[in-house]
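Subject: Structure for you to look at

Hello,

Here is the structure I promised to pass on. Please open it first, then read my notes below.

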Amino acid sequence: MTLPEWRVFPDPDELVAALAAALLEQAAEAIAARGVFHVVLAGGSTPLALYRALAAGSVGDARWQVWYGDERCLPADHPDRNSVMIESAWLAHSRIPSGNRRPIPAERGAAEAAVLYAGWLADVPDFDVVLLGMGEDGHTASLFPGHGWGTEAGSPDALAIADAPKPPPGRVSLTAARLNRSARVWFVITGPGKRHALRRWDSGEALPVTAVHGMAETVAWLDAAAWPADD
Ligand code: 6PG
């Protein structure tokens with residue numbers, strides 16, 4: 001198991017500024033090479049500062065294709081939906097066409113939504129960048145310890161979860177296998193609450209985060225609160 005590059009910043013603001021610049025750089029490279037940038041967005045609260053910075057910078061256009069790492073089985077307009085949080089923080093204020101911003105239809109139930117989402121992804125190439133968060137138990141997207149992560153070759157692209165330990169219990173997630181079909185996997189992790197899980201990861205423990213890695217690079221973007229220098 002290879003560990004990510006631990007990229008530590010003094011505070012979340014400096015992390016967000018560097019991450020936004022790196023994302024723009026990767027988008028420019030992908031668009032120059034292939035005319036399109038496929039990016040997977042992380043749910044949860046940590047990346048909202050990044051999304052707000054992207055909105056402030058009017059980032060994104062019709063050459064961006066936006067995908068979700070996971071979604072919670074809640075009504076499509078529920079404020080706790082990852083899609084609702086990300087649309088309001090960034091996408092609704094961007095020039096990315098709505099047809100390029102595909103919320104996972106998790107309001108239809110996990111099983112049906114996972115099949116639909118996998119169908120959408122069938123013709124989508126490897127992702128350019130995957131953004132992910134990490135929970136205090138080492139979960140990422142909606143891949144949780146003690147559950148299946150879809151790591152095996154031949155795994156479907158999307159999983160239905162019915163008993164997630166982080167509410168709501170119903171979720172849809174990209175599998176580890178599909179998340180790994182990405183040039184770059186970037187985890188965005190801040191705050192002291194994540195220290196223990198990061199130490200477990202760094203010690204080589206098998207966690208959902210350890211099953212996800214990019215083909216070109218895997219970077220954990222951290223603030224000092226999550227990765228204190230004196231530890
Ligand atoms: C979700 C996310 C989940 C999240 C982590 C970290 O739907 O909850 O996909 O994987 O990224 O739980 O969440 P925070 O950033 O809020 O700590």
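Val39 stands opposite Val66, a residue of strand 3. Find that pair first. The strands around the pair come next. Strand 2 covers residues 37-41, and five bridges join it to strand 3. The two strands run parallel. Please keep in mind that this is a predicted model.

Now stay with strand 3, residues 64-68. Is it mostly covered or mostly open? It is mostly covered: five of its five residues are buried. Look at where the side chains go. Trp64, Val66 and Tyr68 point one way. Gln65 and Trp67 point the other way. Residues on both sides of the strand are buried.

Next, zoom out to the whole chain. How many helices and strands does it have? There are six helices and nine strands. The radius of gyration is 16 Å, close to the 17 Å that the globule rule gives for 231 residues, so the chain is as compact as a globular protein of that length. The C-alpha trace spans about 45 × 40 × 35 Å along its principal axes.

Buried residues make up 54% of the 231 residues.

Last, the surface and the charges. The accessible surface comes to about 9400 Å², and 55% of it belongs to carbon and sulfur atoms. The chain has 19 positive and 28 negative charges. Their mean positions are 4 Å apart.

Best wishes

Key
Residues are numbered from 1 along each chain as its sequence is written. This is a predicted model: local features need pLDDT of at least 70, side-chain atom pairs count only at pLDDT 80 or more; totals for chains, interfaces and linings use all residues. Side-chain values use heavy atoms; hydrogens and water are left out. Helices (H or I, at least four residues) and strands (E, at least two) are DSSP runs, numbered from the N terminus. The radius of gyration is taken over C-alpha atoms; the globule rule is 2.2 Å times the number of residues to the power 0.38. Buried means under 20% relative accessible area, exposed over 50%, partly exposed in between (1.4 Å probe, protein chains only). Accessible areas come from the Shrake-Rupley method with a 1.4 Å probe; for residues, only the protein chains shown count as cover. Lys and Arg count as positive and Asp and Glu as negative; His and the chain ends are not counted. The place of a charge is taken as NZ of Lys, CZ of Arg, CG of Asp or CD of Glu. Two strands pair if DSSP finds at least two bridges between them.
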